[in-house]
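Please look over the notes below with the coordinates open.

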Amino acid sequence: MFYKSLLIKYAEIGTKGKNRFMFEDALIKQMRRALKHVEGEFQISKESGRIYVEALGDYDFDEAVEELQKVFGIAWICPMVQIEEKDFENLKREVVSYIDQVYPDKHFTFKVDSRRADKNYPVPSEQMNRDLGEVILEAYPEMKVDVHKPDVYVRVEVRNQVNIYSQMIPGPGGMPVGTNGKAMLLLSGGIDSPVAGYMIAKRGVKIDAVYFHAPPYTSERAKQKVVDLAKLVAVYSGPIQLHVVNFTDIQLYIYEQCPHEELTIIMRRYMMKIAEHIAKETGSLALITGESIGQVASQTVQSLAATNEVCTLPVFRPVIGFDKQEIVDISEKIHTFETSIQPYEDCCTIFVAKHPVTKPNINIIHKSEMKLQEKIDEMMAAAIETREVIWCD
């Protein structure tokens with residue numbers, strides 16, 4: 001069946017009271033962005049509690065649904081028939097016709113679920129359920145009613161027009177991107193950080209990213225891998241500004257001046273400092289990392305506390321309590337996994353110590369960082385000033 005219209009349902013947005021229109025408008029904006037990738041022309045409109053997508057000509061239904069399934073804030077995508085003529089006898093005919101077109105094999109159980117948002121409509125919901133169920137059974141006696149666990153819910157909504165639908169395709173849920181501020185993702189070439197960015201974007205946060213590049217120890221292909229990951233996350237989050245920071249001189253300086261077992265922690269602290277500076281400069285209100293407790297030496301609780309000490313912005317760690325397989329499962333769902341496992345190492349991998357400290361003493365870390373005072377501020381400023389910004393969409 002050719003569906004001219006899609007009903008878009010949301011969940012959390014419905015709890016936003018007087019501010020709900022702002023979230024609806026943000027959702028519509030993201031839907032328009034997604035549908036630009038689909039050949040065809042679409043019109044999006046809304047009424048109380050409902051958003052509609054109307055195709056103004058031919059289009060690829062599967063492609064349109066696939067794109068809308070990437071839009072945070074959508075709970076369900078419902079292909080529907082929308083009729084302007086609200087006469088009840090006409091509605092009966094339309095429901096019977098809908099069943100005939102959508103379900104060639106009619107050996108299933110069903111239940112009619114009517115909603116009368118237009119309280120001036122002369123037929124109450126319960127009567128609609130009975131009468132519409134009756135005409136369906138008369139037309140297709142092989143169908144059976146099951147009010148408890150039907151195979152199909154035939155949903156009828158009487159509003160300014162009448163919506164008839166039965167299929168509900170799940171959306172990604174969450175909140176529309178752009179409704180909860182902006183944050184800066186520390187994006188590496190690994191599995192975890194793209195997942196972290198995806199998860200925070202799902203809560204309505206606009207994402208930018210920073211990547212620490214260490215040529216010649218890391219290749220241009222390693223950098224391209226991170227650009228590719230940013231583009232894959234951007235499918236869901238919207239466009240990402242990726243700030244590529246040359247970290248080589250800083251890493252070598254830390255390597256020369258500090259105990260090697262502390263290298264990972266001290267390097268991480270300076271990454272956080274630089275990322276926070278860029279975040280504040282570009283209007284981000286938080287940092288995002290893909291850290292998970294105990295996964296590596298720099299992600300013990302003691303190490304995370306040492307890293308956090310240098311930050312004034314909040315640090316979001318959405319995968320902090322996940323095990324590796326749970327993170328991998330999400331990365332496969334959002335199609336970042338295959339890119340993440342490409343064998344191009346990032347700067348964290350190249351400069352890792354053989355026996356990194358897992359329970360750093362913050363006072364000892366401070367003493368080690370004193371050895372960096374002569375040059376480190378100047379080197380950080382140069383790294384920030386010379387960073388490359390890549391637009392990922």
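1. Arg159 is buried, at 15% relative accessibility. Buried means under 20% relative accessible area, exposed means over 50%, and partly exposed lies in between (1.4 Å probe, protein chains only). Glu157 is also buried, at 3%. The two residues form a salt bridge, with the closest N and O atoms 3.5 Å apart. The term salt bridge stands for a side-chain nitrogen of Lys or Arg within 4 Å of a carboxyl oxygen of Asp or Glu.

2. A word on the basis. This is a predicted model, in which local features need pLDDT of at least 70, side-chain atom pairs count only at pLDDT 80 or more, and totals for chains, interfaces and linings use all residues. Residues are numbered from 1 along each chain as its sequence is written, and side-chain values use heavy atoms, leaving out hydrogens and water.

3. Glu388 and Lys223 meet through their side chains in a salt bridge of 2.6 Å, N to O. This pair links distant parts of the chain, 165 residues apart: Glu388 sits in strand E15 (residues 388-392) and Lys223 in helix H6 (residues 220-237). Helices (H or I, at least four residues) and strands (E, at least two) are DSSP runs, numbered from the N terminus. Lys223 is buried at 13%. Glu388 is partly exposed at 35%.

4. Glu12 and Arg203 form a salt bridge at 2.9 Å, N to O.

5. How many salt bridges does the whole structure hold? The search finds 24.

6. The whole-structure search finds one cavity of 30 Å³ or more. A cavity is a set of points on a 1 Å grid over the protein atoms alone where a 1.4 Å probe fits but cannot get out; lining residues have an atom within 4 Å of a point. The volume of the largest cavity is about 30 Å³, counted as the space filled by probe spheres set on the points, which are joined across faces, edges and corners.

7. The lining of the largest cavity includes Gln30, Arg33, Lys70 and Tyr236. Its residues divide into five nonpolar, one polar and two charged.

Conventions. On a 1 Å grid over the protein atoms alone, a cavity is a set of points where a 1.4 Å probe fits but cannot get out, and a pocket is an open set with protein on both sides within 12 Å along at least five of seven lines; lining residues have an atom within 4 Å of a point. Ala, Val, Leu, Ile, Met, Phe, Trp, Tyr, Cys and Pro count as nonpolar, Asp, Glu, Lys and Arg as charged, and the others, Gly among them, as polar.
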